[in-house]
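Here is a short briefing to read alongside the model. Keep the viewer open, and follow the topics one by one.

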Amino acid sequence: MRLITRSLVSLLGLLVAAISLSGCGIGGLSPIFPTPVSPNGQNIYDTYIGISVPALIIFIGVEAALLWIVVKYRRSRQPAGYVPPQTHGNTPLEIVWTIAPLVVVLAIALYSFVELQRDFQPVNNAAFTVVVSGHQFGWNYAYPQGFTVHQEGTLQGEVAPFVVPTNTLIKLQFQGTDVIHSWWVPAISGKTDAVPGYDNFSWLKIDRTGKWKGECAELCGVGHATMQIVVQAMSQSDYDQWVQEQLATKKGAAASPSS
Ligand SMILES: [Cu+2]
């Protein structure tokens, strides 16, 4: 009976941890199930659900069978000095419980690999490319129009947004200037490493206006936790206006004498 109580208490603890984790947003970053806003984010979400739901069903089935056996065949229900039948080995059963998990693991591998092939290839029909470079500690977004958005790492308030137009396929080219960083906005795409000396690629095509948060997902030094990411999607006309403002600011900065 003590074993059952202990199992139930552990299960309850896990449940409480899961619920509290799903409830709290870490700096606006939901650790579980953010609503996807880009097709690659949607496909990652679908893959996650497609693997998690069957895994959860298998988990509940195994735990229920375990509890049922533990309760039904507990020692106190058996006559004093009872010794259960001593069978050794069961070839068909052993073959089944070796092959069944293998099939499950291979299915997960294949499912994930197909998603990797589908959404982690460099695209060549993008409207434009933004070069995203990570450094200790922040992100720079170099636009083809010739200006750069700096997201300097901070824990005091929000960083400047990486602005994109909605419904536009944008190629992201990742670079690292010192150590490896990883760009991750869960609602948009999978983690993509920004590696010194090697370019990685991803893309986004956001279907609505709004703002989404992410963080550097590769431990990169003492300021790692400050490397916030904010992506903002605007309508094409708002975006065009924003670009003009950036160009004007850049021109102004170049004209004024710097110290
Ligand atoms: Cu980093």
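In what order do the strands of the open sheet with β4, β10, β9, β6 and β7 run, and with what pairing? The order is β4-β10-β9-β6-β7, and the pairing is mixed. Please keep in mind that this is a predicted model.

**Overall layout**
- The protein chain has 4 helices and 10 strands.
- The protein chain has 259 residues, of which 20% count as buried.
- If you look at contacts between residues at least 6 apart in sequence, 70% of them join residues at least 24 apart.

**The sheet with β4 and β7 at its edges**
- β4 and β7 (192–194) each have a single partner strand, so one side of each is left without a neighbour in the sheet.
- From one strand to the next, the twist in this sheet averages 30°.
- Inside the sheet, β9 and β10 pair in the antiparallel sense, over 6 bridges.
- As a landmark for β10, look for Ile 229, which stands opposite Gly 214.

**The sheet with β3 and β8 at its edges**
- Another open sheet is formed by 5 strands in the order β3-β2-β1-β5-β8, again with mixed pairing.
- Its edges are β3 (148–152) and β8; each has a single partner strand, so one side of each is left without a neighbour in the sheet.
- The twist here averages 20° from one strand to the next.
- β1 and β5 pair in the parallel sense over 7 bridges.
- Gly 134 has its bridge partner in β5, namely Gly 176.

**A closer look at Gln 173**
- Gln 173 belongs to strand β5.
- Is Gln 173 buried or partly exposed? Gln 173 is partly exposed, because 18 other C-beta atoms lie within 10 Å and a residue needs 20 or more to count as buried.
- Leaving aside residues up to four places away in sequence, Gln 173 touches Thr 129, Val 131, Val 132, Asp 199 and Phe 201.
- Gln 173 and Trp 203 are 30 residues apart in sequence, and their C-alpha atoms are 8.4 Å apart in space.

**The largest nonpolar core**
- In soluble globular proteins, nonpolar side chains tend to be buried together.
- The largest nonpolar core holds 26 residues, and those touching the most other members are Val 132, Val 164, Ile 188 and Val 231.
- Two or more residues come from each of these elements: β1 (128–135), β2 (138–142), β4 (162–165), β5 (170–176), β8 (200–204), β9 (210–216) and β10 (228–234).
- Not counting residues up to four places away in sequence, Ile 188 touches Val 37, Ser 38, Gly 41, Leu 204, Ile 206, Trp 212 and Val 231.

- How far apart are the end C-alpha atoms of helix α3 (residues 91–119)? They are 43 Å apart, which agrees with the 42 Å that its 29 residues should span at 1.5 Å a residue.
- Of those 29 residues, the number buried is 1, so α3 lies largely in the open.
- The axes of α2 (residues 39–72) and α3 come within 10 Å and cross at roughly 180°.
- The two helices α2 and α3 are therefore roughly antiparallel to each other.
- On the α2 side, the contact is made by Asn 40, Asn 43, Ile 44, Thr 47, Gly 50 and Ile 51.
- On the α3 side, the contact is made by Ile 108, Tyr 111, Ser 112, Glu 115, Arg 118 and Asp 119.

Definitions and conventions. Residues are numbered from 1 along each chain as its sequence is written. This is a predicted model: local features need pLDDT of at least 70, side-chain atom pairs count only at pLDDT 80 or more; totals for chains, interfaces and linings use all residues. A nonpolar core is a set of buried Ala, Val, Leu, Ile, Met, Phe, Trp, Tyr and Cys residues joined through C-beta atoms within 7 Å. A residue is buried if 20 or more other C-beta atoms lie within 10 Å of its own, exposed if 12 or fewer, and partly exposed in between; C-beta atoms are placed from the backbone. Two residues are in contact if their C-beta atoms, placed from the backbone, lie within 7 Å. Two strands pair if DSSP finds at least two bridges between them. Axes are lines fitted to C-alpha atoms, for helices over the stretch in contact, and angles run from 0 to 180 degrees between N-to-C directions. The expected span of a helix is 1.5 Å times one less than its number of residues. Angles under 35 degrees count as roughly parallel, over 145 as roughly antiparallel, 65 to 115 as roughly perpendicular and the rest as oblique.
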